[in-house]
Amino acid sequence: MTPIITTEELSVTFARRRLSDRLLGLSPPPEFNILDKVSLALMPGETLGLVGESGSGKTTLARTMLGLNRASEGEIRFEGRPVKTQPDFRMVRRKSAMMFQDPVASLSPRQKVGALLTEPFVIRRMAMHDRKATAKSLLAQVGLPASFVERYPHELSGGQARRVGVARALALKPSLLIADEPTAGLDVSVQGDILNLIAELKEELAFASMIVTHNLAMVRHVSDRLAIMYLGRLVETGPTQDVFDAPLHPYTASLIKSEPVPDPRRRRESLAIKGEIPSVFRRPQGCEFHTRCPVARELCRAATPSYRALSGNRTVRCHFPLENRGQEPEVLNSAFANSRGKKHDQVEYRST
């Protein structure tokens, strides 16, 4: 089966230039990678959860996949065809949609909801017999009353604006939906409504989706597969339940351990992950996670780990993947937090 969209060794590079440097005509500033050689594939009908801390490059990857950011290296393929030029990306955007992180800011304050919902048809020059009737039909699809066609975005609540965003994104029945933090800033009950709505429409329209988030509790229940990012690189991918049951990368295990547990009788243990995320301007030598990793060794500080493909459709970027599979993340962390200096068995893998 051909993936809907694929990235191969995708990198995004920016130059850190200050205004004073430009005015003084100084030499070009050094470049740095926001994304570094990211390879990822999304299959038809699949829901992929892209997870990581703030600043890990999740949104940059999502925007680059749709041509909103320019890639400096690597290749993007959509339905098996390479995407390189702006006409190529226009073809991609005809069959894809993106929900941006801020639901209200992504809607023009000068237009009413009815005009916003029918704008995709105007852009694609698709015929509409009745623009208002089309807008009302889209509103009904996301559970909003027809009277909302006359409202402006500032008259909507966060949940209502998010539903309008869902309706606009799916108006042209895309084959790919990228949702950037679709539940950010919403009440828990509203989050559930939005996720249920996307799931229902996904089943009806059969599109693939990528959900960009740092909400582990949410992505655990809605995604088929997880991709974990750290400092612009993928560090682990795999089926969602397998990753939660047996994380292979120490960073993944620490993220899972940090997930809040709704039990007031259970005390929260101290997290194995400590320290601040390093800056992309000065990436640590070797494995970039070694400055915060509880099981880092000399090899981790000296050599960059390769991206490994393991059995069970799992991949990991780590010299010493966690071996104690099948245990809870809390047990995993307590086990490897005291394992400094101990010899670990190597996990069999094949290089990609």
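# Helix packing, burial and loop geometry in a predicted model

Helices α6 and α7 are roughly parallel to each other, since they pack at an angle of about 10 degrees. The model is predicted.

Colleague: How many helices and strands does the protein chain have?

Modeller: The chain has 352 residues, and buried residues make up 49% of them. Among contacts with a separation of 6 or more, 66% join residues 24 or more positions apart. The secondary structure of the protein chain comes to twelve helices and 13 strands.

Colleague: How far apart are the axes of α6 and α7?

Modeller: Two packed helices are described by an angle and a distance between their axes. Here α6 spans residues 158-169 and α7 spans residues 188-205, and the angle is about 10 degrees. The crossing of α6 past α7 is right-handed. The axes of α6 and α7 are separated by 10 Å.

Colleague: Into which classes do the residues of the contact of α6 with α7 divide?

Modeller: From α6, the contact takes in G159, R162, R163 and V166. From α7, it takes in V190, D193, I194, L197, I198 and L201. The residues of this contact divide into six nonpolar, one polar and three charged.

Colleague: Are α4 and α6 roughly parallel or roughly antiparallel?

Modeller: Helix α4 covers residues 113-123, and its axis lies 8 Å from that of α6. The two pack at an angle of about 30 degrees. Angles under 35 degrees count as roughly parallel. That makes α4, relative to α6, roughly parallel.

Colleague: Which residues of α6 meet α4?

Modeller: On the α4 side, the contact is made by V113, L116, L117, E119 and P120. The residues of the contact divide into six nonpolar, no polar and two charged. The α6 side consists of V164, A167 and R168.

Colleague: What separates the C-alpha atoms of S137 and A167?

Modeller: S137 has its place in helix α5, residues 131-141. With a relative accessible area of 48%, S137 is partly exposed. S137 and A167 are 30 residues apart along the chain, and their C-alpha atoms are separated by 9.6 Å.

Colleague: How many residues of helix α10 are buried?

Modeller: Helix α10 runs over residues 250-257 and is largely enclosed by the rest of the structure. Its buried residues are P250, Y251, T252, A253, S254, L255, I256 and K257. The count for α10 is therefore eight of the eight.

Colleague: Which residues of α2 are buried?

Modeller: Six of the eight residues of α2, residues 58-65, are buried, so this helix is largely enclosed by the rest of the structure. Just after α2, G67 takes a positive phi of about 80 degrees. The buried residues of α2 are K58, T60, L61, A62, T64 and M65.

Colleague: Is S54 buried or exposed?

Modeller: S54 is found in the loop between β3 (47-51) and α2. Its C-alpha atom is separated by 9.4 Å from that of I277, which is 223 residues away along the chain. With a relative accessible area of 59%, S54 is exposed.

Colleague: What separates the C-alpha atoms of R225 and T47?

Modeller: R225 is in strand β9, residues 225-230, and at 11% relative accessibility R225 counts as buried. Leaving aside neighbours within four places in sequence, the contacts of R225 include A41, L42, E46, T47, G238 and N313. R225 and T47 are 178 residues apart along the chain, and their C-alpha atoms are separated by 6.7 Å.

Colleague: Where is E79 found?

Modeller: Most residues other than glycine have a negative phi. E79 is not a glycine, yet its phi is positive, about 55 degrees. At 30% relative accessibility, E79 counts as partly exposed. E79 is found in the loop between β4 (73-78) and β5 (81-83).

Colleague: What is the relative accessible area of K173?

Modeller: K173 lies in the loop between α6 and β7 (176-180). Its phi is near 55 degrees, a positive value in a residue other than glycine. K173 is exposed, and its relative accessible area is 58%.

How values were computed:
Residues are numbered from 1 along each chain as its sequence is written. This is a predicted model: local features need pLDDT of at least 70, side-chain atom pairs count only at pLDDT 80 or more; totals for chains, interfaces and linings use all residues. Side-chain values use heavy atoms; hydrogens and water are left out. Axes are lines fitted to C-alpha atoms, for helices over the stretch in contact, and angles run from 0 to 180 degrees between N-to-C directions. Helices (H or I, at least four residues) and strands (E, at least two) are DSSP runs, numbered from the N terminus. Angles under 35 degrees count as roughly parallel, over 145 as roughly antiparallel, 65 to 115 as roughly perpendicular and the rest as oblique. A crossing is left-handed if the near helix is turned anticlockwise from the far one by less than a right angle, and right-handed if clockwise. Contact means heavy atoms within 4.5 Å. Ala, Val, Leu, Ile, Met, Phe, Trp, Tyr, Cys and Pro count as nonpolar, Asp, Glu, Lys and Arg as charged, and the others, Gly among them, as polar. Buried means under 20% relative accessible area, exposed over 50%, partly exposed in between (1.4 Å probe, protein chains only).
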